Each structure stands twice: as structure tokens, then as C-alpha cells.
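Visitor: I would like to learn how to read a structure like this one with care. Could we go through a few of its features in turn?

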Amino acid sequence: MSVVVGTAGHIDHGKTTLLRALTGIDADRLPEERRRGMTIDVGYAHLRLPDGDELDFVDVPGHERLVGNMLVGAGEIDAVLLVVAADDGPRAQTVEHLELVDCLGLEIGLAVVTKVDQADPARVASVVDTVADLLGRTSLAGSPIVAVSSLTGRGLDELLTPLIALRDRVRALAVPAPARGARLPVDRVFTIRGRGTVVTGTLRGGLLARGDLLRLEPAGLRLRARELQVHNRAVDALDEGGRVAVNLAGEAAASRGDVLTTDPDVMATAHLATVLRRPPQLDPRQPAADWPPRVGSPVRLHLGTATVDGRIGRGSRQIVDLPDGRRVAWIRLDRAIAAARGDRIVLRRPSPPATLAGGVVLDASPPAGPSRRRATSERLAAMANAMGPAVAAARLDLHGVLPHAGRNEVGEAAIGGPAIGGPAIGGPAIGGRAIGGPAIGGYRLAADVLADMEHQAVTRVAEETADASHGHGLAELRATLAAHLRRNVSVQPRAAATIAMAVLERLVEDGRLDRHGSVLRLAGRVAPTVQAATLAAMDRLERLLAAAGPPGLEEAARTAGCPPEGIRALESAGRIVRLGPGLAYAASTYRDLEATAVRLATAAPLSPAALRDATGTSRKYVMALLEELDRRGVLARTAAGHIPGPRAGR
């Protein structure tokens, strides 16, 4: 892990000069910066330590009007190098930068008192004491302080020892996270003639290799890493941490604030659930910012290298005050950014500018639609306080239903808190396994949602007839349960149908329901005796449904004179297959259609049009058939078309 250190401090206190003296690199890269002798944008340098390791430095501007650029640099650093001039002492941006560092939750740092050649020893000692007092009221309390002169070189050799200790502390405190993929917040974009677009940033999260296919969020573009460079040296791959430049293949409309990633947790979002904490008040002469930030008030959010305006949410489902003084707040952004659970944020007031809060992202996609009703104060507080495995359970309880990793039909979300981490997905699995099977992907349900689904299923089967002996058609009950689920939680129709089917299968496996072909009955109930006239009508109905494009089930039953109990008996015997309340096939015809679909999908990804032409039917029948085959795992839906699933040929 390569450690990244960011500077902080007032303008003209010697941040860039100190880095130049340490590294030999001028971090002021813009012509205007060198002409004016003033840092305007973030700059970069690196230092080879005596043990051969390298430290990365991000140099930030110190002018009060450039706080936004300062936060671009500070958003992705591991530790802080606070610089204070001995002849000037702490000034306004010294204090402001320390407040921002505290808001970002950065706890590892080092303070350097520069320009000691321009102050007497008593003055230097006084400034050191003042800096120690300031640090003591922030997250950097107890950080070492070193006095140096960048011009004469005094103290520079001694500075290496605390820098090495800083590096070691960052590595010692780094918490191993589950491998989710690489993440590179973009802080600089430029073009090289003949090579194309190059982006730079600080790598997080995992391995990045030359040739990797990356997502550029929030645009959702797919781009390939043509070449990687670290400190102007080409590399084939690098692991988490450190500055890297990536040459992208193809047209890449990247900009500062974007994120290059292979991490499925990173998503484009314009809504965030956050937990905020009050910033320190280091200068009593300055008026304190509003705390907590006013409901509905405009804010400027800084996350990683991105800056975006937005508004604090309203209502009890979007604002919850915690006993420890923190506040859970939803923030609506003016545009989408890339975010993930656990991302550090700073909120500032746009005008007049002031720091309002620091915090982290609890959920990069808060519940919307029906699931929004689950956002109670108790659930939001539990999410903010969750640690370890409880993080996953709290997230699931908030949303009600979530997909397994790699799915996005429900709407991904993520949470964190004081101890953000744990698995990305959690909660009880349906039947101890992923819902839906490997061909479609799995889902997890909150305990109350699962219990409600099971209750609804058993109740509806029991109410089908007075003695509950006839049972309930599987396809109809699956559709009813899916509709009930979508009224209570936010889930796409295809996912709802998959979940409903898995719940019914669980009830059958647990012995609470019996399945006879396509009919479900309460366990232990016996099917009624079928009259001879009904048996004849059943034969007529089966023949009517033996077509690739059969009539609607209700119409066919009326034509055949088949009563409802006859339809249920056909389903129970496996003689017909219902795809929905109004569509059914004779079992032999359905098997032929299934075989045709599998054969075509084996040759090439199958489109609805291709199956329509092969069967001589219409889109209505083809879409219902494909959905059923996908649901059963006989086929699997991909972007290119339907391919054979794990149950093909069974």
C-alpha cells in the first residue's frame, strides 16, 4: 500500500516550497502558478525514503477562495502534512483547513513549522505551542510537530523520521476490506497527442491492471486501461494506494470528480443518505456555522474529487437526530455523482461560505418508492450505529429486499457508519439459499417481508375453496404474490416474480404446502374426485391448448365447457402448464416450445424475434414463454440475448 499525504495550511506558509526541498519536485505545474508564485490547483510530488519506499504528496492551495480545490486534494489522502510559517503563525486558512481535515475524519498527521530561519527561537517555540493547541482540538490531536527551514535545509533530515512513522501508522491502522474492485477518483484529465485521454488520481480498493475494462461513473461508460504509469514509470499492474496515471483507450469524456472503477458498490446517484457530525469551532472569534444544518437548506457537498450542490432533505423519514449529536440526513443533489457506502463527505454553505458538517455516506441509493415507507427513525438510527455484520442486516431491514452482489434489478444501496464495513449484502436468505437460482441471480428479504409473503401465500391457498381441497393455481398465485410484494417494497416486476416463486418453493420444501403439478394445496389436503363429464371437458381443453399460439385460458375453458376444478385438475396432473392467469399450454406443446428455445439459444443468443419466427407465433406468446424459461433457469437473459441456463435440458 502506497501512502498519500496531503498538505494543508495558509497561503504563503511554504507548503510547495517544503515539498520542493524534500522531493526536488515543483508541485506548481501550471504556468500561472509559477508566474504568480501561488498554488492555484492541486499539485503532486513523491519522495523516495531511505528504505526504498515512496511517499506520494498532494499539494493543495491555501487561498480562502480555493477551498474547493483544497478539498479535491484532501478528499483521497491517507494523512495530513500541516504547514505553519514561524514568522506568521496560524492564520485563517490554517484554522479552516484543520476544520476540514477534522470533518474528513483524518486522524494521522504531522505538523511542520516552516521558515524558522526568519524567526527567533522564542517565536518558533511559541508557534509550536499554538499549533499543538490547535491540533489538540481536532482529529489530529497528538500529532508530532517538526521545525524546519526549506531554504537552509535545517530540520529536513530530521523530518524524515516522523514521515516514516506516519507511513507506518497509516499501514498499521489500515482495515482490510473485502475485495470489491479498483476505484480511482479522477482529479486531473489531459490529452496526449497520439495517445488519447489520460486521467490521474489516487487508487483505492484493489488491483488495477493494464488492459482492465473499467466503468466511468456517473456516466456509466465502459473504458479500457491502455497504459498505467506510477511516478512517470510504466507498470503492468498496481495494488491499492498511491498516485497513478491511466491512459484510456477510445473516446473518454472524463472530468474531475468522475470515478474509474471495477467496484460494484460504486454507483451513479443523485440522492444520498448520510450521517453528519458537527465541525470543530477552532476560532472563537468567528461565528459558528448552523448546527444542525437547516432542513431543506442548500449545501455544497464535497466527496472524493467531486463537488456538487444539493439540498438537505425534509421530513421524519429523511432527518433523524442521534443521541450522540450526529444527524442522519438525506441529501438531494443537483446532478448525479459517483458514490459508495462509507465515502467521506464535507458539507459547506455555498454563500456566505462556511463549513457545515463532516460525515460519511450511509446509503448511496436510499429507499425510493414503496420501500421509502420503511425509512423509520429506528431503522435509520440502527443503520448509522451498525458495526460489523450488523451493517448488512440494518441495510436489508431498511430496504426490505436486496439483490445478491452483481444484481441491480432491485436498486443497489449501501450503508456504513462509525465502523463502516462488512459484507455488501446481508440478511436472511430464502430457504438458506439465494432466491431465484444461479441463472437469474439471488435476492434476500428482510424477516418481516419474508414472513408477510409466506402468510399471504398460505392464506390465499386456504381461502381458494371452502374446504381448501381444490388448491390454488401456481402461476396465478405467483403473480398475486409478486404484485403484493411490489406494493410493499421497491422491486422490479421480474425480480418480484422470481422472489414469489422462491417463497412458494420454500413453503413446499418446509411442508406447509403441497404441490401437485401446477396446483398448490394446504399440506395434507386430498384432491376432490372428478366427475366423468368434467374429465371429458378436460380432454377437450387440453387439445385446445396444444398450439404454439393457444387461445386465452378463460376463452378455451368456456369453449371446452371445462369448469375451474377441471383446470386445477389438469394443472395438478401436469397435463397443462400455466404461464400466467390467462395463458396456458398443453404440457406436450410447452415441452416442444422449450426444446426449440434451448436449441436456438445453444446456437446463438436468442432474441424474441428469432423465437417468434421459429414458432410462427406473436410477440405476446414469445415474451411470456421467454420470461417463464428465464424464471425456471432453462434460459438466462443477457445483454446479447437469451442463452442456455443451468437447467437447460433437464
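**Reading the chain, a pocket and a helix pair**

Guide: Let us begin with the chain as a whole, where residues 24 or more positions apart account for 68% of the contacts with a separation of 6 or more. Please keep in mind throughout that this is a predicted model.

Visitor: How many helices and strands does the chain have, and what share of the residues is buried?

Guide: The chain has 17 helices and 31 strands, and its C-alpha atoms fill a box of roughly 115 × 55 × 40 Å when this is taken along the principal axes. Of the 650 residues, 54% are buried.

Visitor: Is Ala573 buried or exposed, and where is Ala573 found?

Guide: Ala573 is found in the loop that runs between helix H14 (564-572) and strand E28 (576-580). Ala573 counts as exposed because its relative accessibility is 54%, and the cut-off for that class is over 50%.

Visitor: How much space lies in the second largest pocket, and which residues are the closest to its centre?

Guide: The general idea is that rolling a probe the size of a water molecule over the atoms shows where empty space is left. In this structure, the second largest pocket holds about 820 Å³ of space. The pocket is lined by 33 residues, of which Val95, Glu96, Glu99, Asp283 and Gln286 are the closest to its centre. By class, the lining has 16 nonpolar, five polar and 12 charged residues.

Visitor: Which element gives the most to the lining of that pocket?

Guide: Helix H4 gives the most, with five residues. At least two residues of the lining come from each of helix H4 (92-103), helix H5 (121-135), strand E21 (344-349) and strand E22 (354-363).

Visitor: At what angle do helix H16 and helix H17 pack, and which residues meet there?

Guide: For a pair of helices, one can read the angle, then the crossing, then the residues in contact. Helix H16 (residues 608-615) packs against helix H17 (residues 619-632) at an angle of about 115 degrees, and their axes are 9 Å apart. The crossing in which H16 passes H17 is right-handed. From H16, Pro608, Leu611, Arg612 and Thr615 meet Arg619, Val622, Met623, Leu625 and Leu626 of H17. Sorted by class, this contact has six nonpolar, one polar and two charged residues.

Key
Residues are numbered from 1 along each chain as its sequence is written. This is a predicted model: local features need pLDDT of at least 70, side-chain atom pairs count only at pLDDT 80 or more; totals for chains, interfaces and linings use all residues. Side-chain values use heavy atoms; hydrogens and water are left out. Axes are lines fitted to C-alpha atoms, for helices over the stretch in contact, and angles run from 0 to 180 degrees between N-to-C directions. Helices (H or I, at least four residues) and strands (E, at least two) are DSSP runs, numbered from the N terminus. A crossing is left-handed if the near helix is turned anticlockwise from the far one by less than a right angle, and right-handed if clockwise. Contact means heavy atoms within 4.5 Å. Ala, Val, Leu, Ile, Met, Phe, Trp, Tyr, Cys and Pro count as nonpolar, Asp, Glu, Lys and Arg as charged, and the others, Gly among them, as polar. On a 1 Å grid over the protein atoms alone, a cavity is a set of points where a 1.4 Å probe fits but cannot get out, and a pocket is an open set with protein on both sides within 12 Å along at least five of seven lines; lining residues have an atom within 4 Å of a point. Grid points are joined across faces, edges and corners, and a volume is the space filled by probe spheres set on the points. Buried means under 20% relative accessible area, exposed over 50%, partly exposed in between (1.4 Å probe, protein chains only).
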